[in-house]
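Here is a short briefing on the fold of two chains. Keep the sequence and the 3D view open while reading.

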Amino acid sequence: MEGNNKSGSEPQLDEHTKLQHQFKLFQESLPKVSIVAYQLLLNELVPLSVSIENNIQDMTSSIEVSDEDTSTETETETECELSEQLERMKIEEAALQPSHKLIQELYEANDSKRDHIYERLSQIGFQIGSKLTELLIYNNNPNLHFESMDLLAVMKFICRDVWKQLFGKQIDNLKTNHRGTFYLFDYDYQPIQDFSLDGEISEKELQMVEPYLEIPCGIIKGILASLGFKGDDQVDVTVSFVDIPKDRVVSPNQFSKGINFNVQVTRTE
Amino acid sequence: MNTASTNPNTLQSGVLGGISSSKSLKAFGETIWKTKTAKVNAELFTLTYGSIVSQLCSDYQRDFNKVNNQLFAMGRSIGVRLIEDFIARSALPRCDNMVQTSEVISKVAFKVFLNITPHVTNWSSAKDAFSLILDENPLSDFVELPMDAMKELWYSNILCGVLKGALEMVQLDCQIWFVSDVLRGDAHTEMKVKLNRILKDEIPAGED
């Protein structure tokens, strides 16, 4: 009887490991690009969003200005052309502002402008997240069964597969109250590791890193939405810095704070 | 193959000695790609870029010229920093002329970052302008442009910006733009690089 059982389960196990093996080979055979290129692209999103915001504001204000011009047209044509040219040069220069200046600008921006920029980052993240789900559904991972996933399984999927795909590592810790509140801890969130600053980081420095965390928030939202947690469900994702636990081995050049995503899914009925 | 992979030292000095031998450059690029590069799924890269472009299009209300400019500017600030990584990774010396530069761009730089090797063709008679033909482009895989975008949008314009920024950092003031793109229905994707001038090394003003 026992022997029978063994021989019955072994080929099944083999089947599963075979699928795993195939999946691994498949993953390795996929086209690749350098991680540096990807990381630079991802991090450039923050200055990009600031720059878009500036340009849009410039556009609306320049329209207002030109409206005034036409109503009180007393200037000579040459003067008009000159000012027009100057205006154009200003816009071109603004478009070519270096990234660090734009980040500084974001830090000094007022609340409404900052909200706009954060909103844009979150939207881009959302789009990445929703498309990423498709990518992960169609890659035939034998461990994933999307048809039978509850919220907890989806969160585990985010912690394991999504993070692995995006940042080459898993979320370090997942906590939940089993009533729709989840805490996801990442103690070395990859895209900000290059920002590691010496010694104790000040409040100001943390605030400048903050916008970079809007993107993963958007990604989490996007994935939840594409797996059906939208509409009836209120999904809220916030993020904060946490201290790295004492028992964790920290490499010397690491960013000295961990990240905590707080995901709240409430069903409104 | 053997000499390339087993003895990086001779390869390095070979590249340093005679950068002109394009075959060794190709092997050099491949070695860096295989041994010194952390990699990420290209589809992830494609979809991330797609999300950025679509967000830009909606922010600029489908004013594709503005989108082109913004992508260029974004690429430029990436290129300015990407060149550091490239030089650190490859340790290549300065190029003497644009022919060498083009070889390094196509066989090493594109290989190391995007794992593609564009062809270099269409040299101008003065050897200061050339074309890069991108047979494969990881940015635009699976991408199809809507009708209104096909005429004006240069989808991969970020690449022009990256090259512009990176070349500027090695004292080459260039003009870079797309001539054609398969996404627009052209036969191939062609990028034009034209040297404006070589920027001079600034010498600090004397103390007196």
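Among contacts in chain B between residues at least 6 apart in sequence, what percentage join residues at least 24 apart? The figure is 60%. Bear in mind that this is a predicted model. The points below start with chain B as a whole, go through its sheet, and then turn to chain A.

**Chain B overall**

- Chain B contains eight helices and five strands.
- Read from the N terminus, its elements follow the order α-α-α-β-α-α-α-β-β-α-α-β-β.
- Chain B has 208 residues, and 52% of them are buried.
- Its accessible surface is about 10,100 Å². Carbon and sulfur atoms account for 53% of that surface.

**The sheet of chain B**

- Four strands of chain B make an open, antiparallel sheet, ordered E2-E3-E5-E4.
- At the edges stand E2(B), residues 119–121, and E4(B), residues 172–180. Each of these two strands pairs on one side only.
- On average, neighbouring strands are turned by 25 degrees against each other, direction ignored.
- E2(B) pairs with E3(B) through three bridges, in the antiparallel sense. Here His119(B) lies opposite Ile133(B) of E3(B).
- E3(B) and E5(B) are antiparallel and joined by six bridges. Leu132(B) has Met191(B) of E5(B) as its bridge partner.
- E4(B) and E5(B), the latter spanning residues 189–198, also run antiparallel, with eight bridges between them. Gln175(B) is bridged to Lys194(B) in E5(B).

**Strand E3 of chain B and its cover**

- Six of the six residues of E3(B) are buried, so the strand is largely enclosed by the rest of the structure.
- Both of its faces are covered. One side carries the buried residues Ala129(B), Ser131(B) and Ile133(B). The other carries Phe130(B), Leu132(B) and Leu134(B), also buried.
- Helix H6(B), residues 98–114, lies across E2, E3, E4 and E5 of chain B. Helix H6(B) runs at about 20 degrees to E3(B), which covers residues 129–134.

**The sheet of chain A**

- Chain A has an open sheet of four strands in the order E2-E3-E5-E4, with antiparallel pairing.
- E2(A), residues 173–176, and E4(A), residues 233–242, are the edge strands. Each has a single partner strand, so one side of each is left without a neighbour in the sheet.
- From one strand to the next, the twist averages 15 degrees.
- E4(A) and E5(A), residues 258–267, form an antiparallel pair over 10 bridges. Within this pair, Val239(A) has Phe261(A) of E5(A) as its bridge partner.

**Helices on the sheet of chain A**

- Helix H7(A), residues 151–167, lies across E2, E3 and E5 of chain A. Helix H7(A) runs at about 15 degrees to E3(A), residues 181–186.
- Helix H9(A), residues 214–226, packs on the sheet and touches E3, E4 and E5 of chain A. Its direction makes about 155 degrees with that of E4(A).

**A helix pair in chain A**

- H5(A), residues 99–108, packs against H6(A), residues 111–137. Their axes are 8 Å apart, at an angle of about 125 degrees. The two helices are therefore oblique to each other.
- H5(A) contributes Glu105(A), Leu106(A) and Tyr107(A) to the contact. H6(A) contributes Lys113(A), Arg114(A), Ile117(A) and Tyr118(A).
- By class, this contact has four nonpolar, three charged and no polar residues.

Conventions
Residues numbered from 1 in each chain as written. Chains lettered and ligands numbered in written order. Predicted model: local features only at pLDDT ≥ 70, side-chain atom pairs only at ≥ 80, totals over all residues. Heavy atoms only, no water. Pairing = 2+ DSSP bridges. Axes fitted to C-alpha atoms, helices over the stretch in contact; angles between N-to-C directions. Contact = heavy atoms within 4.5 Å. Parallel < 35°, antiparallel > 145°, perpendicular 65-115°, else oblique. Nonpolar A, V, L, I, M, F, W, Y, C, P; charged D, E, K, R; others polar. Buried < 20%, exposed > 50% of the residue type's maximum accessible area, 1.4 Å probe, protein only. Areas by Shrake-Rupley, 256 points an atom, 1.4 Å probe, with all protein chains shown as cover.
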